[in-house]
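Here are a few exercises to work through with the model open in your viewer. Try each one yourself before reading its solution.

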Amino acid sequence: MAAPPPPANQFVYIDAEALHSVLPFPSLISRLGAGLPAFAAGIHCPHRVSFPLPTAPSASLLLMPSWSAHPSLPYLARKAVTSFPANSPRLPSVHAAVSLFDSASGVPLASLDGSALTLLRTAAVSALAASLLASPTRPPSTLALAGAGALAPYLAEAHLSALPSISRILIWNRTKAKSAALAARLRDAHPGVAVEEADSMDEAVSAADVVSCATGSQEPIVRGELLKHGAHLDLVGSFTPAMRECDDEALRRGRVFIDFEAAMQEAGELVGALQRGVLRREDVAGTLAELAAGSVAGRRCDDEITVFKSVGTAVVDLLAAQLAYETYIATTTKKT
């Protein structure tokens, strides 16, 4: 016999499996597309705080709070992330949990698997940007993925959802076994899509309409001179000034957009380009919220190259957590 559904004010736990069920990419991408213009300016996100931990070498705890008092978003969220680089290969080095509270009363509402939520919302942000910046008259057909880590399959699924014209995926990763495993996984999931392993990143970039990078590289892996006219470049991996996934030429040739202002201080591609005089702050065309709202122009012609750099903030954690919690409550109630 099924357990009675939790009332809206009863604390619930939403694990990774449930999150995948309540946050399908079409719904999540749509939610971010509508929610960012409506709520981003009113969501408060203090800078994340990092604490070194004496329990393991280089271990740290990161706390990322966010809250809103808007009647349609009456929530407070806190994401806690642990980083234990010394973990064994069989145990992920990063774990996360998101706690959701009622912003009017402070009552705790839910705990969500933060690792799954982060993967889902990060991929959805990239796919939303690609859908807003891809050519409407020359729909993209080839997606190139750089990196075959935990985020890569999510990026593939999100882009296939947002850009149904994609019929070919090229995968490049420094470790061939990982790219082979990802290619096999995507072939099984999408038999109608041609999934191939690229011998080099240059080969993948030259052939792709959309290039999505999710690596920890500190040296450029995308050479801007190889980007096709009309290509869209999505940069996800770097989140410190020391990291860099594309060279300066990619930024020179492309029209640059960012997810949030934090990217200007955290993303190595942008920080370095600003220091070298390759890029000025006024050269950045706008944020994702502005792009989704239509307050800044997106792609201006078919041959224009666009670049989107995301670093992620608690704003999208809060919007994704809201959708997950409200959908979970509604779904559980409906089943009983």
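A helix crossing is left-handed if the near helix is turned anticlockwise from the far one by less than a right angle, and right-handed if clockwise. Keep in mind that this is a predicted model, where local features need pLDDT of at least 70, side-chain atom pairs count only at pLDDT 80 or more, and totals for chains, interfaces and linings use all residues. Residues are numbered from 1 along each chain as its sequence is written, and side-chain values use heavy atoms, leaving out hydrogens and water.

**Exercise 1.** Work out how α3 and α4 pack and cross.

Step 1: locate the helices, which are DSSP runs (H or I, at least four residues; strands are E, at least two) numbered from the N terminus. Helix α3 covers residues 114-133 and helix α4 residues 152-162.

Step 2: get the geometry from axes fitted to C-alpha atoms over the stretch in contact, with angles from 0 to 180 degrees between N-to-C directions. The axes are 8 Å apart, at an angle of about 40°. That makes α3 oblique to α4 (under 35 degrees is roughly parallel, over 145 roughly antiparallel, 65 to 115 roughly perpendicular, the rest oblique).

Step 3: assign the hand. The crossing of α3 and α4 is right-handed.

Step 4: check the contact (heavy atoms within 4.5 Å). Among the residues making it are L119, L120 and A123 of α3, and Y154, L155 and A158 of α4.

**Exercise 2.** How many of the residues of α4 are buried?

Step 1: set the cut-offs: buried is under 20% relative accessible area, exposed over 50%, partly exposed in between (1.4 Å probe, protein chains only).

Step 2: count. Nine of the 11 residues of α4 are buried, including P153, H159 and L160.

**Exercise 3.** Find the aromatic pair and classify it.

Step 1: apply the rule: rings of Phe, Tyr and Trp (its six-membered ring) pair if their centres lie within 6.5 Å; planes under 30 degrees apart are stacked, over 60 edge-to-face, the rest tilted. That gives one aromatic pair.

Step 2: classify it. The ring centres of Y75 and Y325 are 6.1 Å apart and the planes sit at 80°, so the pair is edge-to-face.

Step 3: Y75 is in strand β4 (residues 75-83) and Y325 in helix α11 (residues 314-335), 250 residues apart. Both Y75 and Y325 are buried.

**Exercise 4.** Describe the backbone and exposure of S58.

Step 1: S58 has a positive phi of about 60°, yet is not a glycine.

Step 2: S58 lies in the loop between β2 (49-52) and β3 (60-67). At 60% relative accessibility, S58 counts as exposed.
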